[in-house]
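Subject: Structure handover

Hello,

Please find the structure below. My notes on it follow.

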Amino acid sequence: MPNSTRECHSSARLRLRYDFVLALTTLNSRHPLAAYLIFFGSYLVFAIGRFPGTKIDRSAAAVIGAALMFAFRVLIPEQGLHSIDYATIVLLFAMMVVVAGLHLAGFFEWVTEMIIAHVGPVHLLPVVIFTSGVLSAFLVNDIVCLLMAPLVIQVSRQLSRRATPYLLALATASNIGSTATITGNPQNILIGSISRISYLDFLAHLGPIAVIGLFLDWAILYLLYFRSRSEPQTAGPAGSKFAPPQTHVLFPVCVTIAVLAGFLAGSPPALVASVGAAVLLMNPRYPSKHVYEEVDWSLLVFFIGLFLIVGGAEQAGIAQQLLSVAERFNLHNLWSFAGVVVLLSNIVSNVPAVMLLKGLLPNFNDAHHFWLLLAMTSTLAGNLTITGSVANIIVIEKARSESPVTFGEYLKAGIPVTIATVIVGVLWLSHF
């Protein structure tokens, strides 16, 4: 081959390499802008619930945002793998499986049947509040609301009562009760995994706030809906009874108790919950196909996508810039921090808010205290509006056809409940 031809080919290869490097450099120069657009676009959807003019909801936005972080090389695969907190995903999934076992066994129907048999209409409000509050304290509150909302409507119908006050009680009490433990709600699961606070420590600090909050919830809803009228002690319509559960409740209840005992004993929550889920799946009464149908896969996908979006924001320096701006609000003050968390949780929802603030707390002098404050305020803030938490949306959507709750009616209860419980929570944590 002539020298001139070889030189031409060599020159072409060098030119091709130069163009490739130039393209990568150009792409890399767009990283900050791409990262900003992806991050704020995703959080816009988290705030309003759906991208305008499309069917892209929060979960879809999380997937799209995560994919774009990789497509624009804001994140590389290795960084993406390190951005995900796998203990959070495993614990959330395992608790969904445990609750699915309870549901398939008829546990929640059994609880409802007990309420019908032993509770008069005058006591229905506190029973709904404390039942949903206690269940949400140890099981994931979103799933509790998903399963309990139709049963609350059915109980209200049988007792000839308007369902709205009891649906509000279910939504608000599930948020309040879920404050108590790491497994109460998705954001607490995340906080427990990142902060390494033990299950018992979490319960000892936030459990009393949850108990006081449930009593405040009862008082506020009673004043709003029941103060001006007396409720007769009458039973429901004759002959309207729930069918007894078709399967044995004992096995999944024992598994759940064993899992909770493992939490309280100080074992790693993700490990304990996954073992409990595995034991449950070994029972032929609970085929994996039916169990997996109960799992909220969209929530798991939302979490993974959100981890990657925030990971990309951290790599691009966006999170650090936002946190430096946030520090100007004197967030080392308990009341200022609580106010910012309540506001942010109602703008973008509590899980994205926690995901955004998680990088700030390790720099605080008393990080342990502020992790607990973040868990408490981000959860209780969910009671302010319908869109404040997923649990609220689930209850309202389930009741839409039979007992619709308007945004204004929810706000009438949500504002006083949120203000009262957050104030009590901050006062409690400031003294203990």
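In which helix does L427 lie? L427 lies in helix α21; helices here are DSSP runs (H or I, at least four residues), numbered from the N terminus. This is a predicted model, in which local features need pLDDT of at least 70, side-chain atom pairs count only at pLDDT 80 or more, and totals for chains, interfaces and linings use all residues. Residues are numbered from 1 along each chain as its sequence is written, and side-chain values use heavy atoms, with hydrogens and water left out.

Surface patch
L427 has a relative accessible area of 41% and is therefore partly exposed. (Buried means under 20% relative accessible area, exposed over 50%, partly exposed in between, with a 1.4 Å probe and protein chains only.) Together with W335, I415, I419 and I423, L427 makes a nonpolar surface patch of about 440 Å². Such a patch joins nonpolar side chains (Val, Leu, Ile, Met, Phe, Trp, Tyr) within 5 Å, from residues with over 30% relative accessible area and no salt bridge. A salt bridge is a side-chain nitrogen of Lys or Arg within 4 Å of a carboxyl oxygen of Asp or Glu. Accessible areas come from the Shrake-Rupley method with a 1.4 Å probe. Helix α21 (residues 407–431) gives the largest share of the patch, four residues.

Helix α20
Helix α21 is also among the elements that cover the buried residues of α20, as are α8 (141–158) and α9 (164–178). Those buried residues of α20 (residues 390–399) are A391, N392, I394, V395, I396 and A399.

Helices α11 and α12
The axes of α11 and α12 (residues 250–264) come within 7 Å and cross at roughly 90 degrees, so α11 is roughly perpendicular to α12 (65 to 115 degrees counts as such). Axes are lines fitted to C-alpha atoms over the stretch in contact, with angles from 0 to 180 degrees between N-to-C directions. Y199, L200 and L203 of α11 meet L260, F263 and L264 of α12 in this contact (heavy atoms within 4.5 Å).

A273
F263 is also in contact with A273, as are L91, A94, M95, V98 and V259, leaving aside neighbours of A273 within four places in sequence. A273 lies in helix α13 (residues 269–282) and is buried, with a relative accessible area of 0%.

Positive phi
R73, in the loop between α3 (58–71) and α4 (77–83), has a positive phi of about 60 degrees although it is not a glycine. R196, in the loop between α10 (186–195) and α11 (199–225), has a positive phi near 65 degrees and is likewise not a glycine. R73 is partly exposed at 39% relative accessibility, and R196 is exposed at 67%.

Regards

How values were computed. Patch = residues over 30% accessible without salt bridge, like charges linked within 9 Å, V, L, I, M, F, W, Y side chains within 5 Å. Helix = DSSP H or I, 4+ residues; strand = E, 2+ residues; numbered from the N terminus. Parallel < 35°, antiparallel > 145°, perpendicular 65-115°, else oblique.
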